[in-house]
Amino acid sequence: MTETTKKTGVSRRTLLKSTAGLAGLAAGSGAITGFPYVKSADAKVLRYLGTAVNEGDDISKQCLKDTGIKIEYITATTDDVTKRVMTQPNSFDVLDTEYFSLKKLVPSGNILALDAKKIKEFDNITPVFTKGETPGGKKIGNQGTAPWKVLYLEGKDSKTFSKTATEFVTLIPTVYNADTLGIRPDIIKRPINSWAELLNPEFKGKASILNIPSIGIMDAAMVVEATGKYKYADKGNMTKEEIDLTMKVMTEAKKAGQFRAFWKDFNESVNLMASGETVIQSMWSPAVTKVRSMGIACTFQPLKEGYRSWASGFCVSKGVSGQKLEWAYEFVNWFLSGYAGAYLNRQGYYSAVLSTAKAHMEPYEWAYWMEGKPAEKDIKAPDGSLLEKAGAVRDGGSYEDRMGGVACWNAVMDENDYMVRKWNEFIAA
Amino acid sequence: MDMSEEVLQQASPGLIPGSGTARAAKPTRLSPSFISWLQAGPMMLVFLAFFLIPLVFVIIVSFWDYNEYQLLPAFSGRGYTDTFEGCIAQLPDLCTIAKTYLKTLKLCFLVWVITLFIGFWVAYFLAFHVKSKTWQMGLSLLCTIPFWTSNVIRMIAWIPLLGRNGLVNSGLVKTGLINHPLEWLLFSEFSVVLALVHLFTFFMVVPIFNSMVRIDKSLIEAAYDAGATGFQTLVNVIIPLAKPGIVIGSIFVITIVMGDFITIGVMGGQQIAAAGKIIETRVNALQFPAAAANAVILLVITFLIITMMSRIVDIKKEL
C-alpha cells in the first residue's frame, strides 16, 4: 500500500545547466515567442513506473549522463503498479512490470507494445525469454505465465498473444530471477533439499510464506507437489478443485501452527529471518543477501523440485507517442547496453542481455555471480558494501544451474477471482 | 459524519451574534439563516465532494460486475453473493465473512474496553490531579509518542521486545519463570490488541479529558458536602458528565479498529483476518466491485455500532 515517489539524484543546478543549452538553442532557432520558460522545461523527461527492483539512483544518474534523459521514478508495489496502469494510464510514460500481470494489462489496452526492430540488442536477449531455454540449451519449466508465452502480440494494437515471434513485443525483458526458500542453516543444522520441508512439523511455528495470493499459492503448490500429495498439470493455472486442495493443505498447516507469520514486504522477510522468528520461508535473493550482510547465516537454498521464477520488462503507456516514444526507445536501448545489466547482476538478479552486462563487469564478478565459481576477491554490492568474502560460492551455483532449474513462473490464473476468495478464507481460518 | 454535522450546528449559532454586531455597524440584507448556511457551506462542500459523492460511487460500483482487468457497468450482485459465499451451505460452520467479522468485532471489543479503561484514568489524572495548564498540555503531548514512528519501524521495534529471542522472553527465561519462550507474545491476538491499545488510547484520552475539564468543580465539592464517597462522586457525577467524551472517544476507537488492517496484519503476522484486509486483497486483485461491496458491508456494520452507542448517549444534547 505504501507508495513513494523517488527523486533522481539530479540537483536543480545540473538540470538548469543541461537545460540552459537547450533553451539557448531554442531561443536561437526562433522557437521562443514570448514564452521561453515553457520550452526550456520541455527537457527529456520520462516518468518511470515500476517496483523498486530495477530502480536505482545510480542507474538514473548514469542514464542522464549517457543519454540526457531524466528518469523520474514512481515506485510502487507490484499490485499497485498494476492498479495504476488500469486506473491512471496517463500518469506514467515507461512501465516496468512483470510478465504475469500482462494477462490483465494487455486486454485493458492501456499499454503499447514496443517494436522489436527498434531494440538494438533484441537478438542478443537471452533465450530464456525467447525460447524457454538457457544459453546452454537446458529446457526451462513452462508452468505459469512463462515470459515466452506472452512475449509477442499478433499485431500492433492486438490484444492477443502470438505463439510465434512477431515484431510487436509486450515487454522488452530487463530483469528476472529464480526464487526458492531461504533458510537459517545455523539453526536448522541439517541439509534441506525439498520444498516439502516448509510444512515439516519440525519447523512448527518457525515457517513463513509470502502473503501475496498469486505468488503465495505457487509456493504452496510447490510444497504440495513435493510432499507427493498431488501433481498439478499447471501450478500457475489451477482448476477450482486444485485450488481447494492446495488451500486445504495450507489451512491445516496454519491451524496446526506451522506458520509464524506471513510476510508481504522485503523488510518484513528480512526481519523475520534475521531475528530467528522464522528459520525457513519463501524469500527473495536480495533479502537473503541483506540478512547475510547483517552477519547472520542465511542460505537461498536450491531445492530438488526447482525454482519459482519471475521476470519483468519495459513497455510504454498508451499515451506515449512522437518524440516521447523515441526517448522511450532510446532509454530502453540504453538500459540493455550494459551498465544497468551489470548493476542488476551485482545484486543477484539476472540481466536480459548477458553479453553487454558481462562487458561492464569485472571477470571475477562474472565468475562469481554467473558461473557459480568461488569468488576470487571480496564480492561487493553496487554501493561498495561487502556482500561476500573471497572464496564464497553463490547459493544454487551458476546461471545455467539456477535458471535451468526453474519449475514454474509467477502467474495470474484463469480462476484468479476464486483463488483470491479462497485466500481470504485461508487467512480467516 | 454525524459528529462533524453536530459540530457545524454547534458552531453556527455561536457565530451568529458576531455577525449580528457586524450588521449593526454596516446594515445588510442577509438573513441570519443565510449567514449560517454560508458559514457552514465550505465544510459542507468539502464533505459533499470528498465524502458523500465518493461514497455514492462506492455503493454504485459495489453493484457492478467485473472481469480480470475492468469494471463492467452492468447491475450485478456478484460482489455481495461472492462475499457471503457458503454462509448457508456451510452451516453449522461459519463462512469466511462471518468468521472475519467475528474476529474483527472481538478485537474491536477488547481494544475498546482496554482503551476506555486506561483512557478514562489517564484523562481523570490529567483533569483532576494535574493542576497546572502547562503540565496538562505537556503530559497530553506525551500521549502522542506512539504516533512518532511509522508502522514499519513499529513492527521492527516489537520483534526485539516480544519476539522469541526478545527482551521479555529472555528476561522471563532467565528469572526461571518459564522454560521455553512464550510464542503468543508476538504475531498473535495478544500482540494485535497490545499494539492497537498502545496506538489508540490517545483517541480516548483527548475527548474524555475535554469533557472532564468542563465539569464544574463546585459540583464535585457539592457532592462531597452532601456526604458522597469518592466512588459515589465518580459514578454519579463524573462519569455521567464525561459521557459525551466517552462516546466520542469510543466512536474514534471503534471506527478505526473496525477498518484497520495494517496494524492487525503486521502484529498478527498476516494470519489474523480483518474486515479491512478482505477489502485490500480484493482491491489488489483489481476486483473493485467486490472490494466496494465489502466496504459497504463494513460501513453498515460500523454505522450500526455507532447508532447503538448514540442511543445510549444523546451527543447532540450533551455537547
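The helices and strands named on this tour are DSSP runs, a helix being a run of H or I with at least four residues and a strand a run of E with at least two, numbered from the N terminus. The model itself is predicted, and the predictor gives the complex an ipTM of 0.77 and a pTM of 0.81.

Begin by colouring chain B by confidence, where the average pLDDT is 85 and 89% of the residues score at least 70. Among the elements of this chain, helix α4 (residues 96-129) of chain B has the highest mean pLDDT, at 93, whereas helix α1 (residues 2-25) of chain B has the lowest, at 44. Taken as a whole, chain B contains 14 helices and 2 strands, and buried residues make up 30% of its 319 residues. Of the contacts in chain B between residues at least 6 apart in sequence, 69% join residues at least 24 apart.

Next, select the spans that the unreviewed UniProt entry records as "transmembrane region" in chain B, namely residues 43-64, 109-127, 139-161, 184-209 and 288-309. Two of these spans can be examined in turn. Residues 184-209 of chain B are 81% helix and 0% strand, with their end C-alpha atoms 34 Å apart. Residues 288-309 of chain B are 100% helix and 0% strand, and here the end C-alpha atoms lie 31 Å apart.

Staying in chain B, move to helix α12 (residues 275-284), of which 8 of the 10 residues are buried, so that this helix is largely enclosed by the rest of the structure. The buried residues of α12(B) are A275(B), G276(B), K277(B), I278(B), I279(B), T281(B), R282(B) and N284(B). Just after α12(B), stop at L286(B), where phi is positive, at about 65°.

Now bring both chains into view and display the largest nonpolar core, which has 185 residues. The members that touch the most other members are V94(A), L95(A), C315(A), V316(A), V332(A), V111(B) and L196(B). Helix α8 (residues 189-213) of chain B gives the most to this core, with 14 residues. Centre the view on V332(A) and, leaving aside its neighbours within four places in sequence, look for its contacts with L114(A), I119(A), I172(A) and F314(A).

In chain A, select strand β16 (residues 406-409), which pairs in the parallel sense with strand β6 (residues 143-144) of chain A over 2 bridges. Within this pairing, G144(A) has W409(A) as its bridge partner in β16(A). Strand β12 (residues 307-317) of chain A also runs parallel to β16(A), and 3 bridges join them; here Y307(A) stands opposite V406(A).

Finish where the chains meet. How many residues does each chain bring to the contact? Chain A supplies 31 residues and chain B supplies 28 residues. On the side of chain A that touches chain B, the elements that give two or more residues are α4 (78-87), α5 (102-108), α10 (266-274) and α17 (416-428) of chain A. Of these, α17(A) gives the most, with 9 residues. Colouring this side of chain A by residue class shows 10 nonpolar, 10 polar and 11 charged residues.

Terms used
Residues are numbered from 1 along each chain as its sequence is written. Chains are lettered from A and ligands numbered from 1 in the order in which they are written. This is a predicted model: local features need pLDDT of at least 70, side-chain atom pairs count only at pLDDT 80 or more; totals for chains, interfaces and linings use all residues. UniProt positions are given in the numbering used here, feature names are shortened, and annotations may be inferred rather than shown by experiment. Two strands pair if DSSP finds at least two bridges between them. Two residues are in contact if their C-beta atoms, placed from the backbone, lie within 7 Å. Ala, Val, Leu, Ile, Met, Phe, Trp, Tyr, Cys and Pro count as nonpolar, Asp, Glu, Lys and Arg as charged, and the others, Gly among them, as polar. pLDDT is the predictor's confidence in each residue, from 0 to 100. A residue is buried if 20 or more other C-beta atoms lie within 10 Å of its own, exposed if 12 or fewer, and partly exposed in between; C-beta atoms are placed from the backbone. A nonpolar core is a set of buried Ala, Val, Leu, Ile, Met, Phe, Trp, Tyr and Cys residues joined through C-beta atoms within 7 Å.
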